[in-house]
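Me: I have a two-chain model open and would like to go through its labels with you. Could you set each value against its cut-off for me?

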Amino acid sequence: MDVEILSRIQFAFTIAFHYIFPPLSIGIGLMLVIFEGMFLKTGNKQYEILTRFWLKIFAIIFGIGVATGIIMEFEFGTNWAVYSRYVGDIFGSALAAEGLFAFGLESTFLGVLLFGWDRVSPVVHFISMVGVFLGSMFSAVWIVVANSWQQTPAGYHIVGDGFNARAEVTDFWQMVFNPSSVDRVIHVWQGAFLAGAFMVLSVHAYYLLKGKHKEISYLAFKPALTIATIFSLTQLFSGHRSADLVAEHQPAKLAAMEGHYQAKSPADLYLFGWVDNKAQKVTGLGIPGGLSFLVHQDFNADIIGLNAYDVKDRPSQVNAVFQFYHIMISIGMALIFLTLYASFLWWRGKLFEQKWMMRIFAFSVLLPQIANQAGWFAAEMGRQPWIVYGHLRTSEGFSKEVSAQQVLFSLILFGVIYSLLFLLFLYSLNKKIKHGPVDYHPTSKLAQQ
Amino acid sequence: MATILGIDYPTLWFFVVGFLFSGYAILEGLDYGAGMWHLFFQKDESRRIAINAIGPLWDANQVWLVIGGGALFAGFPVLYATMLSAMYVPFMLFLAMLVFRSSAIKFRSAEPMLWWRKTWDILYFISNLMISFLLGVVLGNLIEGIELKENFVYDGGVFLSFLSPYAILTGITTVALFMMHGAIFLLLKTEGRLYAKLTFLLRRSIVFFILSFSILSVYTIVFIESVADRFREFPLFFVLPILALLSIANIPRLVSKHKYFQGLIFSSLTMSFLLMLVAFQLFPVLLLSTISPEYNITIYNAASSEKSLGIMLTIAAIGTPLIFIYFLFLYNTFKGKVIMDDDSY
């Protein structure tokens with residue numbers, strides 16, 4: 001295998017692994033802000049136990065997220081040197097802003113959050129919680145802004161040519177608010193809220209099934225289900241906005257998402273299917289003209305298809321983009337039905353009696369995780385063959401001076417380390433869950449009040 | 001060309017990057033240094049205290065690496081890209097060791113089994129040692145230069161060429177400096193028998209540092225020819241090595257008086273002065289080409305556009321005071337000796 005494909009595999013592997021954790025940090029962070037806020041407001045000790053319990057899980061998740069995130073920061077330089085030189089002027093400022101404004105905030109307050117129970121007042125502890133949560137939200141902003149610039153570049157001009165070509169910033173705010181960044185940030189935030197809320201729902205549904213920690217689980221379920229329901233619904237609209245933007249700015253990506261080949265014709269909307277890239281045909285169940293309707297509110301409107309582009313200018317892995325995209329959509333829909341029905345049962349006061357619902361919830365943590373991953377795979381594979389859309393190809397962006405053996409070495413290295421890390425993560429998560437949200441000895445200032 | 005106080009933007013950004021990496025060396029030097037003493041403590045309790053001394057701080061200290069890396073990427077993308085891809089193997093090892101290190105901190109005390117803790121203890125020690133050594137190695141390569149040809153393309157060996165004798169020496173000196181720095185820090189955080197043991201270890205590490213530093217200095221003067229030329233050209237800068245030597249000499253004096261906080265300040269100053277010396281030696285070059293000076297990466301051919309640097313100087317001017325406030329709050333919250341409780345590692 002050559003350097004390019006190895007570097008792509010390594011980047012995909014390390015970023016996909018990394019992305020298990022930040023959404024959980026953001027989502028559980030939101031739940032923690034709610035739990036600790038409720039504790040301060042009501043003084044109900046159960047909320048403090050919940051806060052402490054989830055904070056311990058949060059600490060592991062956050063830690064792995066940071067450790068794997070630092071690798072991402074340097075991997076641009078090690079494996080994508082040409083790309084880094086090309087976009088440093090733009091991409092770099094977003095990364096630097098992330099470090100200063102977001103990571104600095106979350107990482108300093110994390111120490112207070114985890115170890116400061118006895119050293120600061122409850123209000124200051126809560127402020128630290130909010131600080132960490134906001135830091136993780138800002139983090140997402142800057143990283144998604146940088147990625148969105150790759151998808152829909154704005155506020156720049158290209159200087160020099162050939163090897164010396166560089167993108168230079170002309171308008172910082174145009175760069176930050178490039179056409180897709182606001183919608184994608186919202187989409188990513190909501191995906192993260194869902195990841196966290198469903199993790200909380202999962203664990204507490206498991207307790208309810210086991211008949212353990214019942215009171216506290218009822219208490220945790222309500223805000224988590226509220227968050228899950230709200231953002232499952234709003235995610236639908238945000239997803240639709242994002243798709244509209246893809247239609248406008250990256251038509252080839254949209255075409256790949258639905259396996260639409262004909263250069264100019266109405267396009268179908270598939271519930272599921274299989275794309276044969278050679279025969280340029282999709283086998284599956286679809287709504288004729290459905291995509292045209294979604295984009296133009298007209299079943300007969302033309303949608304630009306893959307064949308409008310030269311083969312070298314459009315994604316080659318059409319079926320993969322199609323499948324990832326449809327996995328994301330299907331899960332999104334499933335989450336809406338699940339949360340709406342659960343909310344209905346909750347309103348009728350019957351939610352916790354339904355064992356089968358609790359069983360579904362116990363496994364539901366996987367759904368937003370898979371959807372988040374699939375969504376990113378669709379977005380990034382659909383961006384191909386470009387690393388900066390319309391300007392720099394992925395095949396031009398990798399480090400020329402790095403050899404295939406070197407990348408193979410690091411790929412194996414990360415493969416081994418991340419496998420171990422994942423086992424450790426599952427092991428300690430399991431242990432913390434088995435241990436449960438139980439009372440601690442009341443030594444803290446919080447408990448003395 | 002736009003300037004502030006008569007200094008152009010790339011030079012200003014060079015100061016910013018230098019400042020950030022000094023901050024990284026000083027703060028993470030504490031953590032890495034403390035980590036390298038890990039196996040010198042026999043009792044599990046002592047090892048836990050040593051880890052908890054950095055417990056609430058190390059995540060925050062790591063911020064300086066992230067910001068430093070970001071600042072390099074943003075301000076000098078050419079250096080960031082070329083240095084990382086040319087020194088691929090050491091950087092990958094460095095990153096892998098960072099993961100081991102943070103895993104060891106998080107997971108070591110999570111289980112009571114002896115084998116579990118022993119394994120993590122060894123991994124923790126090795127990762128801190130390797131990280132410190134590799135940082136020194138990279139610094140050594142920056143001073144010596146690497147084989148850069150046209151278009152900033154690296155043309156040297158790919159696996160072990162980064163381990164020149166000089167780079168090994170800078171690596172060892174960095175290890176010694178961090179160990180001394182970490183021991184002083186641990187002395188501020190510990191009591192009783194562990195404290196007594198550390199006073200003994202600290203004396204050893206001072207000797208280790210002074211020895212390795214002396215060898216490195218002689219080697220530098222003899223083999224890195226451009227050093228002498230630099231000082232002949234700018235004799236005023238002789239003040240830098242003098243300041244560095246004075247602050248190094250001050251450390252044993254303060255330590256013998258048990259003034260560890262001042263000691264820590266002077267070991268931090270030592271790091272800053274030594275990095276300033278490196279900066280003075282290189283400026284305006286960032287990465288020396290051993291093939292031809294015309295292929296050198298300098299602050300001018302590596303820098304982002306003036307517009308971009310202007311934006312980032314604004315970002316830094318807003319962000320840095322914020323970071324200082326966060327750090328003051330954090331370090332103030334956790335000042336004093338380690339107190340173990342349920343939340344400790």
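This is a predicted model: local features need pLDDT of at least 70, side-chain atom pairs count only at pLDDT 80 or more; totals for chains, interfaces and linings use all residues.

Me: What makes α4(A) roughly parallel to α13(B)?

Reply: Helix α4 (residues 81–115) of chain A packs against α13(B) at an angle of about 10 degrees, and the axes are 9 Å apart. Angles under 35 degrees count as roughly parallel, so the label applies to α4(A) and α13(B). Among the residues making the contact are Ala96(A), Leu100(A) and Gly104(A) of α4(A), together with Ile315(B), Gly319(B) and Leu322(B) of α13(B). The contact of α4(A) with α13(B) divides into 15 nonpolar, seven polar and one charged.

Me: Which residues touch the most other members of the largest nonpolar core?

Reply: That core has 271 residues, and those touching the most other members include Met31(A), Ala140(A), Ala378(A) and Leu79(B). The largest share of this core, 22 residues, comes from α4(A). Leaving aside neighbours within four places in sequence, Leu79(B) is in contact with Leu72(B), Leu286(B), Leu287(B), Ile297(B) and Ala302(B).

Me: How do you know that the span of helix α5 of chain A agrees with what its residues should give?

Reply: The 30 residues of α5(A), 122–151, should span 44 Å at 1.5 Å a residue, and the end C-alpha atoms are 43 Å apart, so the two agree. As for cover, 22 of the 30 residues of α5(A) are buried.

Me: What about helix α7 of chain B: what span should its residues give, and how far apart are its end C-alpha atoms?

Reply: The 25 residues of α7(B), 165–189, should span 36 Å, and the end C-alpha atoms are 36 Å apart, which agrees. α7(B) is mostly covered, with 21 of its 25 residues buried.

Me: Why is α13(A) called largely enclosed?

Reply: Because 15 of the 18 residues of α13(A) are buried, the rest of the structure largely encloses this helix. α13(A) also reaches 26 Å from its first C-alpha to its last, close to the 26 Å expected.

Me: Why is His213(A) called buried, and why is Gln297(A) called exposed?

Reply: Buried needs 20 or more C-beta neighbours within 10 Å, and exposed needs 12 or fewer. His213(A) has 22, so it counts as buried. Gln297(A) has 8, so it counts as exposed. His213(A) is in the loop between α7 (181–210) and α8 (214–249) of chain A, and its phi is near 45 degrees, a positive value in a residue other than glycine. Gln297(A) is in the loop between α10 (290–296) and β6 (303–304) of chain A, with a positive phi near 55 degrees.

Me: What makes Tyr325(A) buried?

Reply: Tyr325(A), in helix α11 (residues 318–347) of chain A, has 26 C-beta neighbours inside 10 Å and therefore counts as buried. The C-alpha atoms of Tyr325(A) and Gly375(A) are separated by 6.0 Å, although the two are 50 residues apart along the chain. Beyond four places in sequence, Tyr325(A) is in contact with Met257(A) and Ala378(A).

Me: Last one: where is the cis peptide bond that involves Pro385(A)?

Reply: The cis bond runs from Gln384(A) to Pro385(A), with omega near 5 degrees. Pro385(A) lies in the loop between α13 (366–383) and β7 (386–388) of chain A. In chain B, a cis peptide bond joins Phe283(B) and Pro284(B), with omega about 0 degrees. Pro284(B) sits in the loop between α11 (260–282) and β5 (285–287) of chain B.

Terms used:
Residues are numbered from 1 along each chain as its sequence is written. Chains are lettered from A and ligands numbered from 1 in the order in which they are written. Helices (H or I, at least four residues) and strands (E, at least two) are DSSP runs, numbered from the N terminus. The expected span of a helix is 1.5 Å times one less than its number of residues. Axes are lines fitted to C-alpha atoms, for helices over the stretch in contact, and angles run from 0 to 180 degrees between N-to-C directions. Angles under 35 degrees count as roughly parallel, over 145 as roughly antiparallel, 65 to 115 as roughly perpendicular and the rest as oblique. Two residues are in contact if their C-beta atoms, placed from the backbone, lie within 7 Å. Ala, Val, Leu, Ile, Met, Phe, Trp, Tyr, Cys and Pro count as nonpolar, Asp, Glu, Lys and Arg as charged, and the others, Gly among them, as polar. A nonpolar core is a set of buried Ala, Val, Leu, Ile, Met, Phe, Trp, Tyr and Cys residues joined through C-beta atoms within 7 Å.
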